[in-house]
Amino acid sequence: MIAVLFLSALAAAAQSPPDFADGRAIYRSNCAFCHGLTGRGGRGPALVGRTLMHGSTDEDLRAVIRGGVPGTTMPAFETMEPDELDRLVAFIRHMGGSASPAAEIAGDPARGRQIYQRTECASCHRVGDRGSVYGPDLTRIGAARSLEYLRESLLAPSADILQEYEGVTVVTGEGKQVTGIRVNEDNFTVQLRDASQQFRMFVKNEVSQVKHEAKSLMPAYGSLPPADLQDLLAYLGSLRGSIKAGGDVRKADGIR
Amino acid sequence: MRRARFALLLALAAALPAQVSYERLVNARREPQNWLTYWGDYTAIRHRDLSQVHTGNVKDLRMDWMFQTGVPGAFQTVPLVVNGIMYFTAAGGQAFALDARTGRQLWHYKHAFPPGRRAGSVNRGFAILGDRLFMVTPDCNVVALETLTGRLAWQTEIVPYKKGTYYATVAPLAVKDKIIVGISGGEEGTRGFIDAYNAATGERAWRFWTVPAKGEPGGETWLGDSWMRGGGPAWLTGSFDPALNTLYWGIGNPGPDLYGGDRLGDNLYTDSLVALDPDSGKLKWHFQFTPHDTHDWDACQTLMLLDLNWQGRPRKLVVQANRNAFFYVLDRETGEFLMGKPFARQTWAKGLDAKGRPIVLPNTEPSPEGTRLCPGLAGATNWMAPSYNPQTGLFYLPVREQCDIYYSSPPKYIEGKPYWGSVFRGVTDEKEWGLLKALDPLTGETRWDFRYHRAPWAGTLSTAGGLVFAGDEDGYLMAFDARSGKDLWKFYTGNRLVSSPITYEVNGRQYITMPSGAALLTFALPEGAQARQ
């Protein structure tokens with residue numbers, strides 16, 4: 001009798017309050033790396049408290065997880081089982097709680113755009129067809145990154161430098177310094193793109209030094225007035241265009 | 001008279017194919033012009049007494065020919081060369097024979113897959129015995145091919161093929177009259193084994209289960225029925241000592257890889273060296289490098305047999321640079337642990353105890369939150385071959401410096417699905433790099449090293465020309481001075497390198513061959529240059 005009661009208590013515990021432990025484990029090992037431990041985003045966009053780019057129904061979420069997002073860094077989790085997918089989606093919903101998508105970005109994107117132009121962001125970055133390819137393309141940056149990540153990138157650009165945007169300075173035999181974004185590198189050679197958007201290519205034993213910059217080549221914008229910063233963020237957050245398809249272009253297989 | 005002459009001709013013709021006898025395999029190092037086994041010979045030292053290309057002229061080495069297989073997928077083969085003919089396998093159950101001097105094709109074999117069967121996965125090469133070549137297929141067969149024609153002599157199913165479970169990649173090892181193969185599938189919830197097949201008939205002679213069943217010796221090292229899906233693949237070729245009549249084989253990881261909660265215990269014989277009787281498949285002794293592994297640090301790497309003066313007396317040794325970042329020296333007659341020293345950065349063990357068992361540091365298990373640990377899952381080294389030069393007494397080793405974050409959660413076993421127990425991610429706070437290291441195998445100390453920009457997946461070759469050839473992850477095939485480590489020559493092959501170079505000689509000319517991409521690249525000194533040496 002006691003045994004029966006105990007067993008039915010166990011069964012009840014297993015069924016009744018939704019247990020998110022499984023979903024949490026799946027989320028932490030597969031998703032948190034980009035979307036953050038609490039789903040507030042990181043390198044990847046926030047999954048809670050905002051409108052999702054690729055649809056917000058459970059079915060949309062499942063489709064994106066299984067199929068990935070072509071042309072972005074979101075991979076396809078093809079081997080995930082349907083029940084794992086269910087538990088994962090349930091956990092993402094659970095993390096979201098009652099967060100409202102409306103409270104996304106405070107600030108004036110139109111004014112932010114003027115600030116973008118005034119601070120000459122386009123001398124390094126590109127939106128659509130305009131600007132420079134020296135720094136990361138910002139055409140869909142609002143969809144790809146969380147607001148907190150973008151804020152950090154403006155105030156402390158060295159906090160997280162993507163491998164494909166690491167800075168290198170080559171000191172030539174004549175003592176000339178050439179700084180640029182590392183496009184490719186191996187034991188014997190290094191290829192850069194400099195601020196004038198030109199490729200610069202070197203054989204290591206022909207130069208006197210190859211220095212890997214610990215800091216981002218992007219300046220910090222901590223001196224912007226808080227209101228300007230907020231507006232600039234609002235503008236960046238509004239950038240959700242599509243980068244022209246036509247195939248997946250990688251700078252170099254070496255950089256990963 | 002005419003009839004007698006005809007009979008003589010017939011007898012000659014029948015004797016024509018190169019007979020690679022067992023005796024030739026035992027004495028393979030006495031024919032440096034050939035490359036007769038996956039590792040070059042039974043001891044796996046990957047050193048050749050060829051010195052036409054040497055430290056003084058290697059700068060003139062240039063590509064002599066290139067053969068395009070047209071086969072996509074990682075090209076991990078190590079070719080065999082016998083009397084001027086090169087035999088090699090490619091991915092997808094394909095194989096080729098070439099004129100080793102010119103690269104011109106002699107035959108091309110394609111395994112017949114049953115309809116609907118996936119033809120992927122890598123293959124590491126052939127074994128040769130008599131006038132037959134032996135390879136495994138991705139869908140778990142051993143096939144024997146005629147050296148002369150590439151025609152199928154026999155085909156034996158290792159296990160019934162089921163997608164997402166067992167598969168096969170190993171280069172078989174010919175020992176006496178048997179063909180030894182190990183199985184793959186350590187991430188698929190399988191139970192590993194090593195098989196021996198009769199070279200003449202294809203009949204299975206014995207099977208050694210790398211994971212003992214409940215009730216068998218070692219079975220007590222597995223919780224419950226976890227042994228049934230315990231892993232322990234045997235996907236890299238072993239080595240063999242004819243005098244001791246002992247086969248040495250490295251065993252892979254336990255499964256699920258990253259979650260150990262359901263398989264408490266040491267999990268024998270995963271991550272171990274097993275010493276087997278090649279006639280019966282019976283276990284002589286074992287040594288486990290990483291008990292109860294939860295980081296996929298299998299022990300399949302090269303088991304090199306060295307006869308060295310160990311602390312004042314000659315001793316028969318087996319050495320291994322293990323994926324877990326320690327370099328081990330064991331007595332290969334008894335399995336006694338003699339030495340273990342880290343050769344790469346490792347953050348998981350305080351050291352090894354007197355018996356060679358690791359003293360594991362706390363908080364090194366994979367966890368739901370992720371645990372940062374070095375080396376990464378791919379290990380401090382892997383299938384890429386080390387080599388040993390008896391003249392320098394140095395062991396040349398490709399080293400991977402790369403750390404991972406290991407995640408863990410209890411997996412559910414579903415047949416045909418990966419059985420990992422969660423995932424791993426490369427760390428983002430530092431870049432990986434690699435090294436070519438020259439170790440003193442008697443002390444484990446580094447004599448020289450050369451830094452690679454990235455962690456390598458290609459191995460090494462040592463020659464009597466005082467050279468070490470090695471490949472890197474960016475696609476350079478390089479030659480180094482074996483004594484000083486100075487880089488003397490390089491060639492950019494245009495694709496990452498995932499195999500190990502070989503050398504051979506035809507008509508008095510020395511060649512070096514390396515697979516890259518879908519091509520086989522062969523190098524030599526310019527024609528006529530050797531006459532001037």
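User: How much area is buried between chain B and chain A?

Analyst: This is a predicted model, where local features need pLDDT of at least 70, side-chain atom pairs count only at pLDDT 80 or more, and totals for chains, interfaces and linings use all residues; side-chain values use heavy atoms, without hydrogens and water. Residues are numbered from 1 along each chain as its sequence is written, while chains are lettered from A and ligands numbered from 1 in the order in which they are written. Buried area is the accessible area (1.4 Å probe) that two parts lose on being put together, summed over both. Between chain B and chain A, carbon and sulfur atoms give 50% of the buried area, and the whole is about 2,000 Å².

User: Which three residues supply 28% of the area that chain B buries against chain A?

Analyst: Contact means heavy atoms within 4.5 Å, and this one takes 21 residues from chain A and 26 residues from chain B. On the chain B side, three residues supply more of the buried area than any other three: B:R425, B:K431 and B:H453.

User: Which residue of chain B forms a salt bridge with A:E166?

Analyst: A salt bridge is a side-chain nitrogen of Lys or Arg within 4 Å of a carboxyl oxygen of Asp or Glu. The count between the two chains is four. For A:E166, the closest N and O atoms are 2.6 Å apart, and the partner is B:K431.

User: Which residue takes a positive phi in the hairpin of β23(B) and β24(B)?

Analyst: In chain B, β23 (residues 349-352) and β24 (residues 358-360) are antiparallel partners over three bridges, with B:A349 opposite B:V360. Five residues lie between the strands, and the one with a positive phi near 90° is B:G356.

Terms used. Two strands pair if DSSP finds at least two bridges between them. Helices (H or I, at least four residues) and strands (E, at least two) are DSSP runs, numbered from the N terminus.
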